[in-house]
Amino acid sequence: MSARSSSWSDTRAHHQVQSHNMIVNSDNTSQLEWKKEGNVTVDEDKYLVTFDIDDPKNPQNWSDARRWYLTFLAGMLVLNATFSSSAPSGIADALVEEFGLSEEVVTLTISLFVAGYCVGPLLWGPLSEELGRRPVFIFSFFVYTMFQIGMALSKNTASLLVFRFLGGVFAASPLTNSGALISDIWDARTRGNALAIFTVAPFVGPALGPTVAGFIYVSGTSWRWLFWILTIFAGVCWILIVFTLPETYAPILLLQKARHMRQEGNTRCYAPMEVTEKTLGQQIENVLARPFQMLFQEPMLLAATAYMSFVYGCLYLLFEAFPIVFTEGHGFNAGISGLMYLPLMLGGVMAVIIYLLTFSPRYEREVRRCSPDPVVPEFRIEMALIAAPIYAASFFWFAWTSSPSISFWAPLIAGGAMGFGISWIFLSLFNYIIDTYLMTAASALAANTVARSLFGAGFPLFANQMYVKLGPQWASSLLGFVSLAMVPIPFIFLKFGAKLREKSKHAVAK
C-alpha cells in the first residue's frame, strides 16, 4: 500500500465516529447535517470535505435559470412515465381486435405498468444514494426506452404484458428520484414552490395518455404508433439526461471533491460517505424492512398512506370508469372520450396555482415567525381540510350526473373537482409525512409509494365489473362514501397530531 493510501486509510478509520453526521432527509435522499455559522459550513474535523462558501460545486449555489431548467426536466421525466402508464386505455379496442384480448387482460396493460412502480422505488432510490442521481437516470431511462420499442414490436399478448411490467419498473426511476433531485438543488425555503410545480406532472401525464392514444386509434393509424411516439419522447428525454443533467447529489459531489483533493496531495482528506459503512444485512433492512416496519408501527403514517393510496387507486380506476360513462353512455369515440380526462389535469393545475398564490406565502411567513424553531407539521394539513370534502363531493357529483340524459358537461366538470382535490390532498399529506418523519422520511415515503402503487395497480382490475354490476351512479357513489369516511383523517391529524408525534418512535417531537 502506498504512503498516500495508508495515510488516508488511517484518517478514515480514525473518523468512523463521524458517521452519525449522516441522516436521511425529507425527499428520499441521504444528506449531510452540518453545523452552520451564518453561510459558512464548519466542522470540527479539518480533513472532512464540505462545500466552501458559495462553492460552485454545490447545486444549491447554481443559478436560478439552471435550477429551474433541471426542475422542468425532472417534471418532464415524470410526465413521460405517467403518460405511458395510462396510454393503453385509449387503444383498448385496437388491442382487442388484434390479439383477441378480454377486457381484464386489456386492463392489465395499465395495472402491470403501475405494479412496476412497487418494485422500482425499492431499487432506484437506494441506488441513487450509492451511485448518484445521474448514472441511475441514464441507465434506467435507456432501458425504459428500449421497452417502449419492445411494446411497439410486440407480436403476442405475453410480450405486451411482460414489456409493460418491466417498463413500469424502469419508469419508476423518475417517480422515485426526480423529487430527490429537486431537493438536491433547492433549499428548504424555496423547495416548496419547485415541488408544487413539479407535482403537476403526475396529473398531466395520465390525462394526456388516453387523449393522444384515442385520437391515434380513431384516425385509423396503427396502435403501434402510440408506442413509437412514446419511444421518441423517451429517447429525447434520455438525450437531455445524458447531455444536460449533472450530478446533483451532495454526498457524491463531496466524494468526487475528496478524491480530487487526494490526487492533488491532500492525502488525509475524506468525504462523509467514506466513513459510513453498512453491512449487506443493514442495507437490506433499510431498503426492504424498515419502510414496512414504520408503516405498521406508526398510526399517522398508516392513516395518511391509506388515504393517499385510496385516492391514487381511484385516479387509475377512472381510466376504466370514464369510457363507461362517456364512450358507452354518451356515445363518444375514443378520441373525444380521451378529452374527458383533461379536466383532471386542469383541476390539478388550478390547485397548484392557488397553492403558489396563497398557501406557499403563508408557509414562508410561518417559517419566519417560528424561526429558529421549525414550523409544526400540522400547519401543512390546512389544504387537506379543504380538499378532502371537495374530493368526496366530486364523486357524488360525478355519480348522479353520469346518466346519458344529463349533459356531459356536468360529469366533465366533476372531473375538474376531482383533480383539484387529488392535488391538494397529495401536496398536503406528502409534505406532512416529510415534516413529521424528518429523520426517517425516506423510509416513510418508500412505504407510501409502494402502497399507493399497489392500489393504483389493483383498482382498475375490478372497476369494470363494479360499474357494470352497480351502474355508474351507485359505483361512483360507493367511492364517494369511502372518500367521505376518510374525510376526518386530516382533521384528526390537526387535533391530535402533536400528541401522536410525542408517542412515536420515529416522528419529530415538535
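The legends below describe close-up views of side-chain contacts in a predicted model.

**View 1. Salt bridge between K257 and D55.** The side chains of K257 and D55 form one of the nine salt bridges in the structure. The N to O distance is 3.0 Å. K257 belongs to helix α10 (residues 250-263), while D55 sits in the loop between β4 (40-42) and α2 (64-86), so the contact ties together parts 202 residues apart in sequence. K257 counts as buried at 12% relative accessibility. D55 is also buried, at 5%.

View 2. R369 is exposed because its relative accessibility, 60%, is over 50%. E366 is buried because its value, 14%, is under 20%.

**View 3. Salt bridge between E378 and R501.** The closest N and O atoms of E378 and R501 are 2.6 Å apart. This pair links distant parts of the chain: E378 is in the loop between α14 and α15 (382-399), and R501 is in helix α18 (residues 488-503), 123 residues away. E378 is buried, with a relative accessible area of 8%, and R501 is buried at 3%. Elsewhere, salt bridges with shared partners join D52, D55 and K257 into one network.

**View 4. Aromatic pair of F99 and W223.** The whole structure contains 32 aromatic pairs. In the pair of F99 and W223, the ring centres are 5.8 Å apart and the planes stand at 65°, so the arrangement is edge-to-face. F99 lies in helix α3 (residues 92-99) and W223 in the loop between α8 (201-218) and α9 (224-244), so the pair ties together parts that are 124 residues apart in sequence. Both F99 and W223 are buried.

**View 5. Aromatic pair of F396 and F481.** These two rings are edge-to-face, 5.0 Å centre to centre with 80° between the planes. F396 in helix α15 and F481 in helix α17 (residues 441-486) are 85 residues apart, and the pair links these distant parts of the chain. F396 is partly exposed at 23% relative accessibility, as is F481 at 45%.

**View 6. Aromatic cluster and charges over rings.** One aromatic cluster is formed by Y312, Y316, F319, F322, F326, Y341, F398 and F426. The charged end of R67 sits over the ring of W186, 4.3 Å from the ring centre. K495 lies over the face of F496, at 5.6 Å from the centre of that ring.

Methods. Residues are numbered from 1 along each chain as its sequence is written. This is a predicted model: local features need pLDDT of at least 70, side-chain atom pairs count only at pLDDT 80 or more; totals for chains, interfaces and linings use all residues. Side-chain values use heavy atoms; hydrogens and water are left out. A salt bridge is a side-chain nitrogen of Lys or Arg within 4 Å of a carboxyl oxygen of Asp or Glu. Helices (H or I, at least four residues) and strands (E, at least two) are DSSP runs, numbered from the N terminus. Buried means under 20% relative accessible area, exposed over 50%, partly exposed in between (1.4 Å probe, protein chains only). Rings of Phe, Tyr and Trp (its six-membered ring) pair if their centres lie within 6.5 Å; planes under 30 degrees apart count as stacked, over 60 as edge-to-face and the rest as tilted. A charge sits over a ring if NZ of Lys or CZ of Arg is within 6 Å of the ring centre and within 35 degrees of the ring normal.
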